Each structure stands twice: as C-alpha cells, then as structure tokens.
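Welcome to this short tour. Open your viewer, keep the selection panel handy, and follow along stop by stop.

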Amino acid sequence: MRECQKCGVPRALTNDYTWGSNGTISLRKGSSHRMVMLDNDALNHIFRSIEETIGLPLETITLEAKRKSGKDYIDKILTGVKGTIVRNLASKKVYEQLSNQLRMLGYGRAEVLAYHRREFLEGAVENVYNGAALTGDVAGAFESVEKKSGDCHYSTDDNNVLHLRINITDEVRSEYRNRFLYEPGESLPGRNIFELCPVCHAPVELGRQYTFDPDSGTIKENKTGHRIILIGIMTLNNLFGELTSELGDEIPRIIMSIERDRVKDVIGAKPKELDTSEAGYLRYAKTLELKGMGNGTLAKVDGERVKVRIENPYYEPLLAGFISGFYEATTGKKSIASWTPVKDGFTEITVEAAS
Ligand SMILES: [Zn+2]
C-alpha cells in the first residue's frame with residue numbers, strides 16, 4: 001500500500017476520506033458516512049470497565065453491532081452495476097480488497113486463508129484491534145457480498161492471531177435485528193483551516209501526530225504511543241446504543257466517567273501549567289478537529305462552572321468525559337457533568353464542581 005513520500009499518510013486514506021473544516025472526517029463518496037480517529041486502548045478500556053461493572057462479556061453485542069454497520073456500509077458501496085459485478089464475480093479478490101481496507105483503518109493485518117463462494121470464508125488476522133469487533137466487520141461485508149446471513153466462529157491463538165470462519169446459513173434475520181438505533185443528522189459548517197500536505201493534500205498534522213503502518217495494519221499516535229483506529233460514528237453510536245438498550249440507561253454515564261478518569265490520568269501524567277480560561281478550553285477542544293470528533297465553538301467559564309458547545313459531536317458522553325477530565329485534572333476537584341443530546345447539530349456540555 002502506497003504512502004505519501006512527504007507526509008507518510010497512506011494515499012488510499014486521503015483518496016477515500018476528507019478532513020472537513022467543521023470537525024468531521026467523511027467518506028468522499030457519501031458525506032453522511034463519518035469517521036473518527038479513536039484511541040483503541042481507550043475503547044478496549046471502556047469495554048473492559050463495562051464488563052467488570054455489569055459482570056457480563058460484551059462480545060456478542062459488539063460483534064452484532066459491527067456486523068450490522070459493516071453490512072450497511074458495504075451495501076452502500078456495492079450498489080448498481082458495480083454491486084452486481086462484484087457479487088457475480090465474488091472471489092477471494094473481493095475479500096483481499098476488504099483486508100486492504102481494514103489495514104488502512106488500523107484494524108490489523110488480515111489474510112484470506114480459504115474461500116468458497118456461497119459457502120464460507122476463512123481468515124487469520126495479526127495485530128487485531130478487537131477480536132469480536134473485527135469478526136463483526138468481516139461478517140458484515142461477507143453478508144453484503146453474499147446476500148445471505150453468516151454464522152461466525154472465531155478464536156485467538158497463543159500468538160495473538162485471530163482465526164475466523166464465517167459459514168453461510170439460510171437464517172433470515174428479522175427486521176428488528178438489522179435496524180439501526182442511530183441515524184446521523186446534518187453536519188453544521190465550520191471554519192477550521194488545516195495546513196495541507198503539498199503532495200497528497202492530507203492535513204499536515206495527520207502525518208506529524210500519527211504513524212501509519214498499513215503493512216502491519218496499525219496506526220500509532222506518536223505523543224502517547226497508543227494505538228488508533230478509524231471507526232464510523234454510526235458504528236460507535238449504534239454500539240453504545242445497543243449497550244444502553246440491552247444493559248440500561250446508566251451506560252452513557254458510565255462511559256462518560258470511564259473516559260473522564262482516563263483523560264484526567266493522561267493529563268495528570270505530564271504535569272504542566274494549563275490555561276483554564278475560556279480561550280484555554282477552546283484550545284483544548286480544538287484537538288478534537290483532526291480526529292473528526294467535532295468542532296468546539298464556544299466556551300463559558302463562570303466561577304466553578306464550565307460550559308462548552310461542540311458542533312457535530314461524535315458521541316456526547318465521550319465528549320463530556322473529555323471536557324470533565326480536563327476540568328478535574330486542572331482544578332483537582334471532583335466534578336458533575338451533564339450534556340444535551342445532539343440537536344440542530346450541536347451538544348452543550350456543562351461541568352461543575354461536585355459539592
Ligand atoms: Zn502527503
């Protein structure tokens with residue numbers, strides 16, 4: 001896979017996605033399909049923490065949510081003549097192309113081991129970001145290409161390689177099992193300006209802040225050394241939406257507090273003087289833009305209360321955790337956070353000292 005010689009960002013990534021001036025990353029062919037650059041360690045930490053809190057594994061829910069959105073995504077790409085051709089010619093090559101996609105998004109290095117048309121697909125994945133999630137990704141694509149339901153089996157061996165097999169079944173899924181809880185709304189425009197690479201037109205900061213290694217299927221954030229993945233915001237909202245509807249309304253608040261504590265630790269690990277004025281909060285919120293997480297447009301500091309408006313938010317509870325982690329790290333106080341559900345393209349996050 002070719003990378004830009006100047007900035008190191010894979011060409012395929014800048015060909016497929018565009019970094020908007022409004023805090024979004026979207027698919028060039030279909031701007032309603034938005035992505036975020038998410039800290040994979042943080043995501044897996046959220047899964048583990050919820051599992052510990054409720055005492056149940058989340059693998060089935062994760063796989064299902066990814067399968068659904070993966071299928072929807074490939075359904076959207078494989079339309080018209082192109083879809084007919086790909087489905088008629090369905091071959092190992094189709095799945096090898098899929099594995100290139102997965103590598104580009106930082107999901108790991110997938111290899112097709114065996115494939116029999118209208119029967120099964122077998123693969124192995126090194127450096128997998130999350131076993132259940134990746135199996136869901138592949139299953140969704142498989143179901144879209146084959147136009148049949150798939151039955152998934154997966155396991156991880158001693159070398160941390162994921163082995164997966166998907167068999168075609170005649171099971172017809174109910175409408176309910178394919179429904180989406182979240183549909184993206186319109187994005188508000190913005191005025192952020194990225195300095196662009198003169199060669200590939202990716203934001204220069206992208207190549208500076210991240211190391212892309214499509215050969216191993218990984219993306220690393222240089223500052224933290226953490227692994228990053230590109231994930232659809234529809235996928236993420238559906239996944240968290242499923243968790244909430246299956247496990248209870250306290251899930252968003254649990255997610256917020258897990259993220260708050262993590263952000264607080266990250267900031268606290270490198271103590272330095274941080275600007276906690278309105279301008280300081282806005283500067284902090286600016287770090288969301290490159291990740292496609294939204295656009296911080298307004299901050300108001302009123303005594304011990306901070307209010308931040310974020311347009312085009314990717315997921316409100318995680319953003320509330322992001323703001324309150326900063327608040328707690330800089331004030332040394334415990335906080336209470338609240339947020340308005342996204343409406344008219346923005347959310348308002350309020351953080352104040354807990355009394
Ligand atoms: Zn470049």
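**Stop one: two domains**

The centres of domain 1 and domain 2, taken over C-alpha atoms, are 26 Å apart. To see them, colour residues 8-248 as domain 1 and 249-353 as domain 2; these bounds come from an automatic or database domain assignment. Residues are numbered from 1 along each chain as its sequence is written. You are looking at a predicted model, where local features need pLDDT of at least 70, side-chain atom pairs count only at pLDDT 80 or more, and totals for chains, interfaces and linings use all residues.

**Stop two: where the domains touch**

How many residues does each domain bring to the contact? Domain 1 gives 32 residues and domain 2 gives 23, with two residues counted as in contact if their C-beta atoms, placed from the backbone, lie within 7 Å.

Now select β3 (34-39), α2 (40-54), α8 (204-209) and α9 (233-247): on the domain 1 side, each of them supplies at least two residues. Helices (H or I, at least four residues) and strands (E, at least two) are DSSP runs, numbered from the N terminus. Highlight α9, as the largest share of that side, seven residues, comes from there.

**Stop three: the largest nonpolar core**

Next, show Val36, Leu319, Ile323 and Ile349, which touch the most other members of the 87-residue largest nonpolar core. Such a core is a set of buried Ala, Val, Leu, Ile, Met, Phe, Trp, Tyr and Cys residues joined through C-beta atoms within 7 Å; buried means that 20 or more other C-beta atoms lie within 10 Å of a residue's own. Helix α6 (residues 131-146) gives the most to this core, eight residues.

Finally, zoom in on Leu319. Beyond its neighbours within four places in sequence, Leu319 is in contact with Met293, Gly294, Ile310, Pro313, Thr347 and Ile349.

Notes. A residue is buried if 20 or more other C-beta atoms lie within 10 Å of its own, exposed if 12 or fewer, and partly exposed in between; C-beta atoms are placed from the backbone.
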